Amino acid sequence: MQDVHVIGQYAHLSTGDIFTFAQACGVTLLVTLISLLFGTILGTALGIVRCSKHKVIRFLPLILMEPLRNSPLVVQLFLVYFGLPVVAGILLKPYSAAILTLSLNTAAFFAVLIHNSIMAIPVSQWEAGYALGHGKVSTFLQVVAPQAFRLLLPQAITLYIGQLQCSSMISLISMKDICRVGQIVSVRTMQPFAVWGIVFALYYVVSFPLARLAAYLEKRVNFSY
């Protein structure tokens, strides 16, 4: 098989290795995107509930959010993948365990962003909506939500970047993501610096444009109340 030279003379990757890395990128992105979608939906619901004026209602989301926000993601992953079969007899495939764990973890942090963004909007904006004849729901959807979204967007992108990078932990349950393939190829080629340099570059290529977008949007946020 014809070799392709990577990073000068220090590493040689076969075309098969390159194809495997491409597949690994697909696995990483697919798991991350699905997890972010589910996590965003659940986190939005939890964040809105957290804005309730009733103490009991706004406390309920914390039962899920606080343990997830204050424990390592890798521990959560092991609990789902290794713990559920023992405790509840629920045996999940690595793919399902990875998505479930990342989705719940994303939801916990996204809920905080939703809550903070909504609460950051001055009460005067609610009063303005009521003065225009809107009800509570209508005021939220037409007056408060658009402003909260502008605050939320750059923070959400930053969170998404962090979750993309944290997805590397799914390699610990034998998911063939970028990191897992990096481990395999590194051992086979005996060129750890070159291979992990490629892994670094792949994450950078995906993350950097999102980071720049988040910085741009953060600068664009400018309210005049």
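Analyst: The answer below begins with the aromatic pairs, then turns to the cavity and a loop residue.

The model is predicted. Across the whole structure, a search finds six aromatic pairs. One of them joins Trp126 and Phe140, whose ring centres are 6.2 Å apart and whose planes meet at 25°. Planes under 30 degrees apart count as stacked, so the pair of Trp126 and Phe140 is a stacked one. Trp126 belongs to helix α5 (residues 123-131) and Phe140 to helix α6 (residues 136-166), so this pair ties together parts that are 14 residues apart in sequence. Trp126 has a relative accessibility of 18% and counts as buried. Phe140 also counts as buried, at 18% relative accessibility. The reason is the cut-off: buried means under 20% relative accessible area.

A second stacked pair is made by Tyr204 and Phe208, with ring centres 5.1 Å apart and planes at 25°. Tyr204 and Phe208 both lie in helix α8 (residues 192-220), where four residues, about one turn of the helix, separate them. As for accessibility, Tyr204 counts as partly exposed at 44%, and Phe208 counts as partly exposed at 39%. Both assignments follow from the limits, because partly exposed covers the range between under 20% (buried) and over 50% (exposed).

Aromatic residues also occur as a group: Phe78, Tyr81 and Phe82 form one aromatic cluster.

The largest cavity has a volume of about 40 Å³. Its lining consists of Cys25, Thr28, Leu29, Leu164, Ile178, Leu202, Tyr203 and Val206. Helices α1 and α8 each supply at least two residues of that lining. By class, the lining of the largest cavity comprises seven nonpolar residues and one polar residue, with no charged residues.

The loop position is Ser52, located between α1 (15-50) and α2 (55-69). Ser52 has a relative accessible area of 17% and is therefore buried. When neighbours within four places in sequence are left aside, Ser52 is in contact with Ile57 and Arg58.

Methods
Residues numbered from 1 in each chain as written. Predicted model: local features only at pLDDT ≥ 70, side-chain atom pairs only at ≥ 80, totals over all residues. Heavy atoms only, no water. Buried < 20%, exposed > 50% of the residue type's maximum accessible area, 1.4 Å probe, protein only. Contact = heavy atoms within 4.5 Å. Phe/Tyr/Trp six-rings, centres within 6.5 Å; stacked < 30°, edge-to-face > 60°. 1 Å grid on protein atoms, 1.4 Å probe; cavity = no way out; pocket = protein on both sides within 12 Å on 5 of 7 lines; lining within 4 Å. Points joined across faces, edges and corners; volume = space filled by probe spheres on them. Nonpolar A, V, L, I, M, F, W, Y, C, P; charged D, E, K, R; others polar.
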